[in-house]
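Let's take a walk through a protein fold, strand by strand and helix by helix. Keep the sequence and the 3D view open while you read.

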Amino acid sequence: MASLQMCLPLSSTTRLRKRPVRCASDRRELFSRIAPVYDNLNDFLSLGQHRIWKRMAVSWSGAKTGDNVLDVCCGSGDLAFLLSEKVGSDGKVIGLDFSKDQLSVASSRQDSLLKPCYKNIEWVEGDALDLPFSDCIFDAITMGYGLRNVVDKRKALEEMFRVLKPGSRASVLDFNKSTRPFTAGIQEWMINNVVVPVATSYGFAKEYRYLKSSIKEFLTGKELEKLALEVGFSRAKHYEISGGLMGNLVATR
């Protein structure tokens, strides 16, 4: 169990600076290459359902008006924008990612959107395994489709635990590694017969074939719950959604 660390005030100790990113270089390059079409592919491949799953993840995070929140592996910003709507103009959202290209897309989207609350978002290039923030400063954390891709899942959860305030929650959305053969079979069929062919039409066949292997190497819901408790979270519950194709870990510090 990780020990509780002293909670320090945000205003005096936050360190928003670029750090070296400890990740597999091929994964970093992958997300940079697909950045220009990432949103269109997500919409097409999920028939828009990913937007529902992301709203569920934000709701499970417990973010509320005035909160200071973090979206880890923010990509093009979907969860960060949803968090911004939750915390409002009096809150603060930080979107962190290791890909400059994804952050560039997120920043461009922020500039083109008119909601006043979106001005409360700051984009930070950084490492999910070495978050550039002080201890106990965030009221909620989200992570969408990022945990499966980091090289050290335990360390990523440890870092989220470290920067969360006591009693606050991390909400982690990703593909579900199902233990049910039927669900796993459907998931594999969809990747082989829908995801990869569509990605191929965009010129990203190789990039999306990686998806299948990453799911096979991922943790099951029970394994994610166990790992979260091991790193120090007081409670952890993994919810299967969309017929078990997706999953969301909710961990409370």
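Leaving aside its neighbours within four places in sequence, which residues is threonine 252 in contact with? Here, contact means heavy atoms within 4.5 Å. The answer is Gly167, Ser168, Arg169, Phe233, Ser234 and Arg235.

## Before we go on

This is a predicted model, where local features need pLDDT of at least 70 and side-chain atom pairs count only at pLDDT 80 or more, while totals for chains, interfaces and linings use all residues. Residues are numbered from 1 along each chain as its sequence is written, and side-chain values use heavy atoms, with hydrogens and water left out.

## Strand β7 and its two partners

Threonine 252 sits in strand β7, residues 246-252. (Strands are DSSP runs of E with at least two residues, helices are runs of H or I with at least four, and both are numbered from the N terminus.) Threonine 252 counts as buried because its relative accessibility is 7%. The cut-offs work like this: buried is under 20% relative accessible area, exposed is over 50%, and partly exposed is in between, using a 1.4 Å probe and protein chains only.

Who pairs with β7? Two strands pair if DSSP finds at least two bridges between them. β5 and β7 pair in the antiparallel sense over seven bridges, and serine 171 has valine 250 in β7 as its bridge partner. Strand β6 (residues 235-241) also runs antiparallel to β7, joined by seven bridges, and here alanine 236 stands opposite alanine 251. β6 and β7 form a hairpin with four residues between the strands, and in it serine 242 takes a positive phi near 55 degrees.

Now look at strand β5, residues 164-175, which holds leucine 173. Is leucine 173 buried or exposed? Leucine 173 counts as buried, because its relative accessibility is 0%.

Leucine 173 and lysine 54 are 119 residues apart in sequence, yet their C-alpha atoms are 7.4 Å apart in space. Setting aside neighbours within four places in sequence, the contacts of leucine 173 include Lys54, Tyr145, Ile241 and Asn248.

Strand β1 (residues 68-72) has five of its five residues buried, so it is largely enclosed by the rest of the structure. Asn68, Leu70 and Val72 are on one side, Val69 and Asp71 are on the other, and both faces are covered.

β1 runs parallel to strand β2 (residues 92-97), with five bridges joining them; aspartate 71 stands opposite glycine 95 in β2. β1 also runs parallel to strand β4 (residues 138-144), this time over four bridges, and valine 69 stands opposite alanine 140 there. With helix α5 (residues 78-87), β1 and β2 make a right-handed β-α-β unit. Right-handed means that, with the strands pointing away from the viewer, the path from the first strand over the helix to the second runs clockwise.

## The nonpolar cores

In soluble globular proteins, nonpolar side chains tend to be buried together. A nonpolar core is a set of buried Ala, Val, Leu, Ile, Met, Phe, Trp, Tyr and Cys residues joined through side-chain atoms within 4.5 Å. The largest one here has 33 residues, and those with the most contacts inside it are Val69, Val93, Ile121 and Trp123. α5 gives the most to this core, with six residues.

Isoleucine 121 is in contact with Ala80, Phe81, Ser84, Val93 and Gln110, leaving aside neighbours within four places in sequence. A second, separate core has 32 residues, including Leu70, Ile141, Leu227 and Val231.

## Helix α7 under cover

How many of the eleven residues of helix α7 (residues 153-163) are buried? Eight are, so α7 is largely enclosed by the rest of the structure. Among them are Leu157, Met160 and Phe161. The cover over its buried residues includes β1, β4, β5, α10 (221-231) and β7.
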